[in-house]
Amino acid sequence: MSSAELLGHRELVEGLLRAARAGRLAHALLFHGPEGVGKFLAAHTLAAGLLCERGPAFACGSCGACRQLAAGSHADLFVIDAQTEGEDAILVERVRAGGDSAQGASLGDFLALRAREGGWRVVLLRDAHRMNASSQNALLKTLEEPGERVLLVLETSRIDRLLPTTISRCVRVAFGTLELEDVRTVLRRKGVDLAAAEPLARWAQGAPGRALSHARENAGRQLELAWSVLRGEIGRAQALEELLELPGEFHGETPAALLRSRARSFLDLALGLLLDAERAAAGVDPVQLAHGAGAAELARLPAASRERRLAELRSARQDVERNLAGEGLLERGLLALRGPRRDRSAQR
Ligand SMILES: [Zn+2]
C-alpha cells in the first residue's frame, strides 16, 4: 500500500513512524473520528511502515516484507475486520488466547507467537466498537502489556461505545474529515466518472469512504426519490416500492440485514438533506452546502415543520441500529419527508 494513497492523514502517520524510529511509539493507539475518512487505511499504512525491512518509515513497497504484505500473507500482521468478514460483533473468542473461534484465529494466540526475526508485530482492530464488554475486558491486559515491539491499533467511529477502561489504556489519535479536493481525488482514483463524482464528493462532507458507499448505493437516484416525495410529486408507496428494489450494492448477511442496510443508506441521505436545510435557514450561503439550492428551498419551510421532519428521520435512523425491520424504517423516513398535509403548500 503506497503512502500516496493516504490523502489528508500523511503527516499524522509520518509523525507516528518518526516516534517508532525514536523508540517512543505508544504500544496501543486508538484511531477515532468520523466514519469513512480513512482511519483504517492510515492504520494499515502505519503497520506497513513498521513491517517494511527499511522501516520504520513509509513502506518501500518492494522488499520481501512489503511483498508479503501486499499478498496478504505477512505473518506478523493480525487484522480483525468484522465489517469485511460480515460479522456484526467481535466476540471474546476472537480476542483471548485459546479462543477456538469459528470466526478465525484469536488475537491472544497471535501475540503468543514470536515475531519472525525479532521485528514488529502489529494488530489492527477495525470497528473496535463491535467488541462487546467481554471482548473489551479480555483485551485489557494485552493493552497494558502487549510485549516488546508489539503495536495494537484500535480503529473506531463510535468511541462512545468503548469502555472507559479500554480508552484509558490507549493513546488517542483523532482523525478529522478531508478537504473537498482530496475527496474528489479519492473518487477519481477509484474510477468514479467525473459527472457522478462532483455531487458525491459534496454529499460526503469530507469522508471519501462515505462517497464511495454512496456511489455503490445509487445515492443519486435515492435523493431524486426523496425530492419527489418531499415535493408531493409521487406517493410514498411508489417511492417505497422503488427503494426496496433499487439496483445497487447493499450489504447484509440476511434479507433482513440487507433491508436495514437500504434503510440506513436512505435515512442517512435524507438526514444530510434536512441538516443542510437547517444550515441554510441559519444563514449559511447555499453555495457552501452539499445540497445548495435544494437546501435553500427547504429552508423556507416553517421551522417547526423542518424540526419535526428532522426529529422523525433521526428517530428512524436510530432504530436501524436497534435492528427494527428495514421496510418499516423506510416508510417512516418517507412519511417524515412528506410531512403533514398543511406544510406542503408552503414549499411551493
Ligand atoms: Zn519494504
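The model is predicted, so local features need pLDDT of at least 70 and side-chain atom pairs count only at pLDDT 80 or more, while totals for chains, interfaces and linings use all residues. Residues are numbered from 1 along each chain as its sequence is written, and side-chain values use heavy atoms, with hydrogens and water left out. Helices (H or I, at least four residues) and strands (E, at least two) are DSSP runs, numbered from the N terminus.

**Helix 1 against helix 2**

- Helix 1 covers residues 10-21 and helix 2 covers residues 39-51; they pack at an angle of about 30°, with their axes 10 Å apart. Axes here are lines fitted to C-alpha atoms, for helices over the stretch in contact, and angles run from 0 to 180 degrees between N-to-C directions.
- That angle makes helix 1 roughly parallel to helix 2 (under 35 degrees counts as roughly parallel, over 145 as roughly antiparallel, 65 to 115 as roughly perpendicular and the rest as oblique).
- On the helix 1 side, Val-13, Leu-16, Leu-17 and Ala-20 meet Ala-42, Thr-45, Leu-46, Gly-49 and Leu-50 of helix 2; contact means heavy atoms within 4.5 Å.
- Sorted by type, the residues of this contact are 7 nonpolar, 2 polar and no charged (Ala, Val, Leu, Ile, Met, Phe, Trp, Tyr, Cys and Pro count as nonpolar, Asp, Glu, Lys and Arg as charged, and the others, Gly among them, as polar).

**Lys-39, a buried lysine**

- Lys-39 sits in helix 2 and is buried, at a relative accessible area of 2% (buried means under 20%, exposed over 50%, partly exposed in between, with a 1.4 Å probe and protein chains only).
- A polar atom of the Lys-39 side chain lies 2.7 Å from the backbone oxygen of Pro-34.
- Setting aside neighbours within four places in sequence, Lys-39 touches Phe-31, His-32, Gly-33, Pro-34, Glu-155, Thr-156, Ser-157 and Phe-175.

- Gly-55 and Pro-56 are joined by a cis peptide bond, with omega about -5°; Pro-56 is in the loop between helix 2 and helix 3 (64-70).
- Arg-149 isn't a glycine, yet has a positive phi of about 50°. You'll find Arg-149 in the loop between helix 6 (133-144) and strand 4 (150-156), where it is partly exposed at 39% relative accessibility.
- Asn-323 isn't a glycine either, and its phi is positive at about 65°. Asn-323 lies in the loop between helix 15 (303-321) and helix 16 (326-338) and counts as exposed, at 52% relative accessibility.

Conventions:
Polar contact = N/O pair within 3.5 Å; in protein donor to acceptor, adjacent residues only side chain to side chain.
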